[in-house]
Each structure stands twice: as C-alpha cells, then as structure tokens.
Amino acid sequence: MTDAGVRSSISRLRTAGLRSGRRPVGQNVGRLGVTLALAFVVLAAGAGYWQVWRAQELSTAPDDPAVVAAARHVVRGQIKDRTGTVLAASRRDANGEPYRVYTDPSMSPVIGYASRFFGTAGLEHTYDAQLTGVLSPDPVQQLLAKFQGNRADPQDLTLTISLRLQRAAQRMLGGDKGAVVMLDPSTGEVLAMVSGPTYDASAVANPATAQKAFARLQADKDKPLLNRAVQGLYVPGSTFKIVTSMAALSSGAITTSTTYPQQPRAEETGLLVSGFRVRDGHHPFTDDRALNYPEAVEVSCNIYFALTGLRTGGARLADWAGRVGFGHQIPFDLPTAVSQVTNGGGKFGGGFKDAVEVANAAYGQAEVLATPIQMALVASTVANEGVEIKPQLVKSFSSDRDGTRTVGPQQMADVLTPDVAGEIKSAMERAVEGDFGKLFTPGAAVPGIPTAGKTGTAQLAAGEPHSWFIGFAPVDHPRVAIAVIVENAGHGASRAAPMAGDLMQLYFETFGK
C-alpha cells in the first residue's frame with residue numbers, strides 16, 4: 001500500500017472512531033493523568049489532615065496505644081495544689097510497676113483516679129497524655145518526639161485549687177450530699193470544687209484493693225463517683241432569679257424602678273396565671289407597697305419575678321440564659337452536664353409550653369435545672385462586670401525537658417453591659433447586707449467586707465428542698481465567687497448561706513483582704 005493509501009486508511013479509522021463515540025487515545029490518556037493527579041492530591045490532603053492537623057488529638061486520645069502503654073509503665077507526673085502541696089504521686093508495687101497514691105479524699109471527685117483495672121477518671125483522664133509524657137506543651141518538641149527513642153516526658157500539673165479551702169468545704173458539707181464551687185471571677189481559676197459524698201481514690205488505684213473498693217463505690221446508692229459540682233443537675237430555686245434579672249434588665253423588659261400594682265395583693269391570694277396560682281409568702285415588713293427590682297431581690301419575691309418572667313417572655317429568657325451557659329456544655333477540664341431552662345418542645349417561645357411554665361421558671365422552679373458550676377459562673381459573671389471567664393482547674397504544666405507552661409485566663413462571653421451588671425450586683429448586695437436581706441441570708445456576709453449574694457430554696461416534688469446560695473465578695477472589686485448546694489437541707493438560709501459566708505471569710509484569711 002502506498003503512503004497515500006495508509007494515510008487514507010488512518011483517516012477513515014479516525015472518522016469511524018469519532019462516529020462511534022470513542023475519544024482519541026491522547027484525550028483518554030490526558031484525562032487519566034488528571035484523575036490520577038487529583039487522587040494523589042486527595043490522598044496527600046487526607047494524610048496531612050490525619051498526620052498533622054489531627055495528629056495531636058489522635059496521639060493523646062486515652063485509647064491511643066502509646067497512651068495505654070505509657071499509662072501502665074511510665075511513672076506519671078505529680079499533681080499539686082496551687083501552693084505546691086502534692087495531691088497525687090506514684091509508688092511501685094512488688095513487681096516494680098507504678099500505681100497512684102492520693103493525698104486527700106476531698107480531691108477525689110476532681111483528680112479522679114488512674115487504675116490498671118478501671119482506667120482513668122477526672123483530671124487523670126483529661127490529662128492522661130500529659131501526665132504520662134506522651135504529649136508535650138511545646139509544639140516543636142511534640143513534633144520531634146515521634147523521631148525520638150524515649151518519648152516519655154511526664155508532666156506535673158499544678159492546679160488552681162487551694163487544698164486549705166478544699167478541705168474546709170468538704171468538712172462543712174460533712175455527711176450531706178451536695179457541692180461547692182469557688183472561683184476567681186477575673187481569671188476563672190477554680191479555688192475549690194467539692195462534691196459530697198467523696199471517696200478514697202487511692203483504694204481504687206492500688207492494685208491490691210482496687211476490685212473490692214470499686215465494687216463498693218458502684219453499689220453505693222449515694223453515688224460517690226458522681227462529681228455533683230459539674231454533673232449534678234438541680235432545681236436552682238431563687239438563685240435563678242439572677243438569670244431572670246439578666247434577661248429582663250438587658251432586654252429592657254424592666255428597669256430597676258419597675259413595680260407591679262398587683263404584686264402586694266397576689267402575695268396573699270396567689271398570682272393567677274392561665275388558671276394556675278403562683279404562691280409566695282407575704283412579706284409583712286414591706287406592708288402593701290409594690291416592690292421595685294432591688295427590693296424584690298432583697299426579699300426574694302416570687303410574685304415579682306413571675307410577673308417579670310411573663311413580661312420578658314420565654315424566648316428572651318431562654319436566649320439570655322443561653323448566653324451565660326444554659327443549654328450548652330461548659331468548656332472545662334472535666335465533663336459538665338448541660339443546664340436547662342426548660343425541657344423544650346413547647347411553642348410558647350424559647351421552648352416553653354405555656355405562660356404557667358414561664359412564670360414558674362422565672363423564679364427557678366418548673367423545669368429549670370442547673371449544675372453548681374453553672375450557678376457559680378452566673379455569680380462570677382455579675383461580679384466581673386458582665387464578662388464571663390472560662391473556668392479552669394490547671395494553673396501550669398511542667399516537666400524536666402520542656403520547663404513550665406502557665407495557663408492564662410480565657411474570656412468566654414460578654415454577657416452583660418457593665419451598667420446592667422452593676423444593677424444586679426447592687427441588688428445582690430442588698431440581699432445580703434440590707435436590713436431585710438439579712439433575714440434571708442444569715443451568715444452569708446463576710447465581716448468587714450461588703451458581700452453580695454442570693455439564696456435559693458429549691459422546692460421538690462417530694463422531700464425537703466435543696467439549700468442554695470450564690471454570691472461574691474468584695475462587692476466593688478470581687479475576688480471570689482461561690483455556689484453552694486446542700487441537698488434536702490431546707491431553706492437557703494439554713495445551710496448554704498452560712499457555709500458560703502464561712503468559706504469566703506476563709507478565702508480572705510488565706511489570701512489576704
């Protein structure tokens with residue numbers, strides 16, 4: 001065949017290929033190259049994501065093989081209180097393997113335990129990778145660690161907690177169930193976090209006693225393994241009036257001079273809301289005078305706050321409660337239960353069912369539930385001129401290789417304007433220092449230091465009410481905020497208020513006025 005004939009044949013084949021829908025070989029090869037290139041890009045991106053972006057998270061997870069191996073064989077770093085007192089250290093058994101020993105049972109709900117049989121809990125779980133030295137606080141050292149033969153560099157944790165305050169709070173709580181949270185409003189440092197009843201973490205960590213000790217704790221009906229300070233959900237009673245105050249004053253629903261003409265009469269007959277009567281004891285010392293906002297806080301008037309809740313509305317009440325943390329898990333060193341203003345699902349606004357629920361929720365009843373740490377944050381936010389600071393338990397990390405890294409304060413939210421915070425702060429001061437307020441908060445005032453606060457008597461379906469108090473001191477430049485709950489202990493004035501006063505006084509004796 002001649003050259004012209006060959007070219008003619010090739011031309012006919014190309015024409016036939018095009019007519020049959022087949023692409024030329026060159027185009028197919030090009031498309032295949034692009035596809036392979038994209039596949040390699042995706043693979044590279046995935047490898048980078050897992051090996052770089054998520055590397056630290058994966059390598060420090062409690063179930064990571066390196067963490068699990070280190071937990072059994074590495075001598076964990078020490079845990080100390082803010083003054084350097086050792087709270088957790090390690091010993092070796094007859095086989096030479098380390099196990100944990102804990103200084104004080106009051107710290108068990110916070111520190112938790114590290115056990116060969118039952119794993120880790122509390123801060124021992126949260127900072128497992130740091131305590132075993134798998135994770136370095138220095139990003140460069142952490143990157144280089146994977147190329148080193150001996151990766152372990154156990155870190156010591158220095159906590160924000162004062163063991164003196166911690167022991168005192170546990171002693172005051174005694175054999176009762178409940179919780180105490182004390183913190184610095186300007187830094188978020190937790191000064192004390194007590195949950196009662198507590199337990200002996202050393203017995204769980206010691207291989208010789210672990211099995212029996214843990215079985216007893218699991219069978220205990222008082223649930224000592226539950227950290228009530230962060231996991232306990234309680235009806236907050238009148239302490240929630242401070243959250244209602246945030247919503248009402250910030251939204252403009254009321255001012256500090258707002259009064260309700262029907263309030264004095266309703267104290268005697270009950271406030272009728274959609275067929276339901278909101279009850280409140282009459283305050284004879286206020287005569288038949290309609291109370292304004294600070295007066296209503298001082299005498300803890302349920303009728304005033306039910307009316308304020310209705311005027312504010314469910315949507316705004318839920319919204320402002322959410323701004324201070326309700327409805328969300330609090331970012332914290334330990335897992336926290338989610339506080340709520342309602343079970344939700346209602347169509348009245350904010351998830352409330354109807355006006356009756358809003359009226360009762362406004363003074364801390366209905367379906368409102370709160371953790372003690374949430375209510376401590378409510379108090380500290382007011383104390384800190386409306387700025388909510390992230391609570392923290394760890395003050396610093398330190399190790400031989402990396403030195404010391406300090407953990408600084410972090411702002412969570414601007415919840416209130418300074419003006420609104422000041423109005424609430426002034427009303428809370430009256431609730432402790434005022435002539436009538438003293439009747440409701442005996443023992444809460446710190447001698448010689450202006451103190452602000454609010455009691456709560458949380459009514460339950462059965463049994464005695466919970467005793468609550470939240471507050472802070474000094475009023476002008478607050479240095480300590482507190483939340484106390486004692487389960488089934490009656491009125492807020494009976495247990496929680498005097499406990500809070502004594503603990504705040506001890507704070508100033510410890511750290512100075």
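1. **Basis.** The model is predicted: local features need pLDDT of at least 70, side-chain atom pairs count only at pLDDT 80 or more, and totals for chains, interfaces and linings use all residues. Residues are numbered from 1 along each chain as its sequence is written, and side-chain values use heavy atoms, leaving out hydrogens and water.

2. **Overall make-up.** The chain has 22 helices and 17 strands. These are DSSP runs, numbered from the N terminus (helices: H or I, at least four residues; strands: E, at least two). Of the 513 residues, 52% are buried. Buried means under 20% relative accessible area, exposed over 50%, and partly exposed in between (1.4 Å probe, protein chains only). Take the contacts with a separation of 6 or more: 68% of them join residues 24 or more positions apart. Contact means heavy atoms within 4.5 Å.

3. Two strands pair if DSSP finds at least two bridges between them. Strands S16 (residues 466–473) and S17 (residues 480–486) are joined by seven bridges. In that pair, Ser-467 stands opposite Val-486.

4. **Cores.** The largest nonpolar core holds 103 residues. Such a core is a set of buried Ala, Val, Leu, Ile, Met, Phe, Trp, Tyr and Cys residues joined through side-chain atoms within 4.5 Å. Met-193, Phe-326 and Ile-424 have the most contacts inside it. Helix H19 gives the largest share, eight residues. A separate core has 28 residues, among them Ala-169, Met-182, Val-432 and Leu-506. Leaving aside residues up to four places away in sequence, Met-193 touches a set of residues including Val-110, Ile-161, Phe-332 and Ile-373.

5. **Helix H9.** Which residues of H9 (residues 163–173) are buried? They are Leu-163, Leu-165, Gln-166, Ala-168, Ala-169, Gln-170 and Leu-173. They pack against S2 (86–92), H5 (108–111), S7, S8, S17 and H22 (496–511). Gly-174 follows the helix, with a positive phi near 60 degrees.

6. Arg-82 meets Glu-189, with the closest N and O atoms 3.1 Å apart. Arg-82 lies in the loop between S1 (79–80) and S2, and Glu-189 in the loop between S7 and S8, so the pair ties together parts 107 residues apart in sequence. Arg-82 is partly exposed, at 23% relative accessible area, whereas Glu-189 is buried, at 10%.

7. **Other salt bridges.** Arg-116 pairs with Asp-93, the closest N and O atoms being 2.6 Å apart. Asp-222 and Lys-221 also form a salt bridge (3.7 Å, N to O). Asp-222 is partly exposed, at 24%, while Lys-221 is exposed, at 72%. Arg-76, Arg-100, Glu-124 and Asp-128 form one network through shared partners.

Terms used
Salt bridge = Lys/Arg side-chain N within 4 Å of Asp/Glu carboxyl O.
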